[in-house]
Amino acid sequence: MKSSLIETLDGQFSVPLSCMRKIRSFVAKEMDAGLAGRKSSIAMLPAYCDAASGREQGRYLALDLGGTNFRVMLVELPGFGKPPRVVAEAKYRLTPGQITGTGTALFGVIAGYLGKFLKDHAITSEIALGYTFSFPVQLLGIDEGILMKWTKDFSASGVVGRKVVAIQRQALVQKKVRNVNIVALANDTVGTLQAQAVLDPDCGMGVILGTGFNIAVRVASRRIRKETGAYRGKSMIINMETGNFNKVLPRNHYDRRVDMDSGNVAHQFAEKMIAGKYLPQLVRLVVLDLIRKDHFFDGHVPTVFCDKESFKGWHMDVFEAGSKEAVQKLSQELFGRELTPVERRVMARVCRLVSRRSARIAAALIIGALTRLERRSKQRMVVAVDGSLFEKYPGYSRVLAAAIRELAGPAGKGIRLKLTKDGSGIGAAVIAAVVASGNTNLVR
Ligand code: GLC
């Protein structure tokens, strides 16, 4: 492998401190524009709720839709700041056809699975449900919202521009699921923040680093200049839709290719550099380039790199940090042979470049978001994080934390990144409980 090629890649995927600083200041500017209702790449969508108090109690259903897996959970909230408990849970897989077909069919499938869950767990009495719907939604209140656009390669027809909960309710009626009452609609970042806020009053931010990437923050209401209807609380959680941030990002020609190959061209630039859905696609494009330019893999394109989805995030895990045995076992499966020491080293290097860049850009966005956040404590700031990239990718959380320290300096000392497992679902149950308790800060 020519060292000049590797050096070029190093340059193309580097995110120096100066770049992180620029991103941080542009994030703050875009947040202000978004909060004022001006044109911005960060939508700053009101969630119509404040951080939970920990007193929320009861049993609620949560439905969590945000990727090709969707989950139904029955969640018990003990209150008194005690951790919520997932009493029952089921995961269902949506097919590519279902997420790109008609909206009616998609919501029908979800209603069908929800009905099955109720039956399997003998839930026959009326029950409130919090709906985590992890796409850009302009909420009209706590329990209804309009889908602004699809992300993450969803494209079901007839949903953009329409009321999501109304469509889901209709599907429930059609499937004869009568005892479920959808009382809250939330983004996964908001849910994650809420799931952690129940345990820790210093939590003011929720982050998803998984298939997609996004941040929610708690903002003082006086900073929110745009319409927030009947909401009267002193602060409110805002779903930033940070994945769409598009200023001063160090994009290269691989990023442009990923964008062109995506289902939402010219949108979600930050997400396409950070999120788990796109990182393997970047690795694939770099490897294809190396095959073309430098006879990597003997100049042959392995079939796993022939289409954009076959090379997966967990393959990256293994190539970047797996033992020699694990790498060779996977190589046998993917390429039909073991890799040479040079090939192994190059694969690890490419995966590291792509994953490190993701963590450093995410750090800059997180620190940028902190500048507008309403804090309860000056010393401590808890950031709730959920998602497979953060939880499972080797070394990711460490690189993220280090980049946060590098950028924030001494001010970064009190920042704690807390893995909030299942936060997106549990948080929806928490919001459902807030609604049930009547403490929503909404004037009726
Ligand atoms: C995408 C969605 C956003 C969600 C994120 C993480 O960016 O637009 O709403 O929070 O993915 O799932």
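How many bridges join strand 9 to strand 10? Select residues 203–209 and 213–220: 5 bridges join these two strands, which run antiparallel. (Strands, marked E and at least two residues long, and helices, marked H or I and at least four, are DSSP runs numbered from the N terminus.) Before you go on, note that this is a predicted model, where local features need pLDDT of at least 70, side-chain atom pairs count only at pLDDT 80 or more, and totals for chains, interfaces and linings use all residues. Residues are numbered from 1 along each chain as its sequence is written, and side-chain values use heavy atoms, leaving out hydrogens and water.

Now click I208; its bridge partner in strand 10 is N214.

Then pick L209. Skipping neighbours within four places in sequence, its contacts include I274, A362 and F390 (contact means heavy atoms within 4.5 Å).

Last stop: helix 10 (residues 313–321). Here H315, M316, V318, F319 and E320 are buried, meaning under 20% relative accessible area with a 1.4 Å probe, counting protein chains only. They pack against helix 9 (279–294), helix 11 (324–335) and helix 12.

Key
Buried means under 20% relative accessible area, exposed over 50%, partly exposed in between (1.4 Å probe, protein chains only). Two strands pair if DSSP finds at least two bridges between them.
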